[in-house]
Amino acid sequence: MAPALIALDWGSSSFRAYLLAGDGALLDEIASADGVASVAPGAFPDTLHRLVGGWLDLHEGLPVIASGMVGSRHGWRETPYVKCPADPRDIAAGLVAVPAGDRVVRLAPGLSCEDEDGEPDVMRGEEVEILGVSDGGGRLIVLPGSHSKWAIVERGRVERFRTFVTGELFAAIRDHTLVGAFARSAKGAPSPSAFAEGVRRGAAACGEKKPGLLGALFGARARPLLGKLAADDAADHLSGLLIGAEIAGARRLFPGERAHVAGANALIERYLAAFAALGEEANAATPRAAARGLFLLARQAGLVS
């Protein structure tokens, strides 16, 4: 099949490029650690050519579309957020073209939304993954990570979403606090049972007449001190506390629907285990959701027929 599109998932710490056919089929793939944070100001065109120059030279005139932090104020050029609810057509209308030598790269916008109290939220890059997962039938989509995203999609339109800073909070507590001291020094094999127990405790702490996550977190220190948790299991227990609290909080906002979890395999497995610990079933989304979402945007923008 002939190539029809170069799609770039360009985040803060990683770069992934997909060479796609006219029907969206994957023809080739390139992965690199050249994330946006490592690119000097003004060096994005040269970095792009270094990473995918072989494709650019071989396939003249092939359209290029990119999503992620490359479209942030710290990236190539900041693209405005599109307000939810938003469908692929709305998002495609927000594409911003930037020159890259004799080529043009179209940067995808992020999404923004406000809850009923007027509290704002944003995402940049995750929107194309959400489109890719929803195209396969997912309605409630969970993207775990430093800033986990939960989004509800109706008939291809992203209605609303909420961010949970689970991964970033885990790293901060583990690496920089007294509460995280046991987790920081934990060694040995992972403990699924300690993780599952942490998930249940984190979720339970968010219930009525319970202390909440802040009240439960000190258990990551107190339990090893009192012999109720093996010191080497403290990291899994802390991770479980945070993910359990995330799921409990998200379920108040997104009840009922089965979650479709997308992202890195290790995170998908961890979240599926967390849902199972709480008696829920969840689905693992098919890989390369970003590639599918970028192809949908390109098709809406008329870049591919």
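## Aromatic pairs and other contacts in a predicted model

Trainee: How many aromatic pairs does the structure hold?

Mentor: The model is predicted. A pair here needs ring centres within 6.5 Å. The number of aromatic pairs the structure holds is seven.

Trainee: Is the pair of Trp10 and Trp76 stacked or edge-to-face?

Mentor: The ring centres of Trp10 and Trp76 are 6.4 Å apart, and the planes stand at 85 degrees. An angle over 60 counts as edge-to-face. The pair is therefore edge-to-face.

Trainee: How many residues apart in sequence are the parts that Trp10 and Trp76 tie together?

Mentor: Trp10 belongs to strand β1 (residues 3–10). Trp76 sits in the loop between β4 (64–67) and β5 (82–83). The parts tied together are 66 residues apart.

Trainee: Does Trp76 count as buried or exposed?

Mentor: The relative accessible area of Trp76 is 16%. Buried means under 20%, so Trp76 counts as buried.

Trainee: Which residues form one aromatic cluster with Trp10 and Trp76?

Mentor: Trp10, at 0% relative accessibility, is buried. The cluster contains Trp10 and Trp76, together with Phe15 and Phe44.

Trainee: Where in the chain does the partner of Trp150, Phe254, lie?

Mentor: Trp150 and Phe254 are a stacked pair, with 6.4 Å centre to centre and 15 degrees between the planes. Trp150 is in strand β11, 104 residues from Phe254. Phe254 lies in the loop between α9 (234–253) and β13 (259–261).

Trainee: In β12, what is the bridge partner of Val153?

Mentor: Strands β11 (residues 148–154) and β12 (residues 157–164) run antiparallel and are joined by seven bridges. In their hairpin, two residues lie between the strands, and Arg155 takes a positive phi near 50 degrees. The bridge partner of Val153 in β12 is Val158.

Trainee: Which residues of α10 are buried?

Mentor: Helix α10 (residues 265–277) has 13 residues and reaches 18 Å from its first C-alpha to its last. Just after α10, Gly279 takes a positive phi of about 80 degrees. The buried residues of α10 are Ile268, Tyr271, Ala274, Phe275 and Ala277.

Trainee: Over the face of which residue does Arg270 lie?

Mentor: A charge counts as over a ring when CZ of Arg is within 6 Å of the ring centre and within 35 degrees of the ring normal. Arg270 is at 4.2 Å from the ring centre of Phe195. The residue is Phe195.

Trainee: Is Pro211 buried or exposed?

Mentor: Pro211 is placed in the loop between α6 (192–205) and α7 (212–217). With 60% relative accessibility, Pro211 counts as exposed.

Methods:
Residues are numbered from 1 along each chain as its sequence is written. This is a predicted model: local features need pLDDT of at least 70, side-chain atom pairs count only at pLDDT 80 or more; totals for chains, interfaces and linings use all residues. Side-chain values use heavy atoms; hydrogens and water are left out. Helices (H or I, at least four residues) and strands (E, at least two) are DSSP runs, numbered from the N terminus. Buried means under 20% relative accessible area, exposed over 50%, partly exposed in between (1.4 Å probe, protein chains only). Two strands pair if DSSP finds at least two bridges between them. The expected span of a helix is 1.5 Å times one less than its number of residues. Rings of Phe, Tyr and Trp (its six-membered ring) pair if their centres lie within 6.5 Å; planes under 30 degrees apart count as stacked, over 60 as edge-to-face and the rest as tilted.
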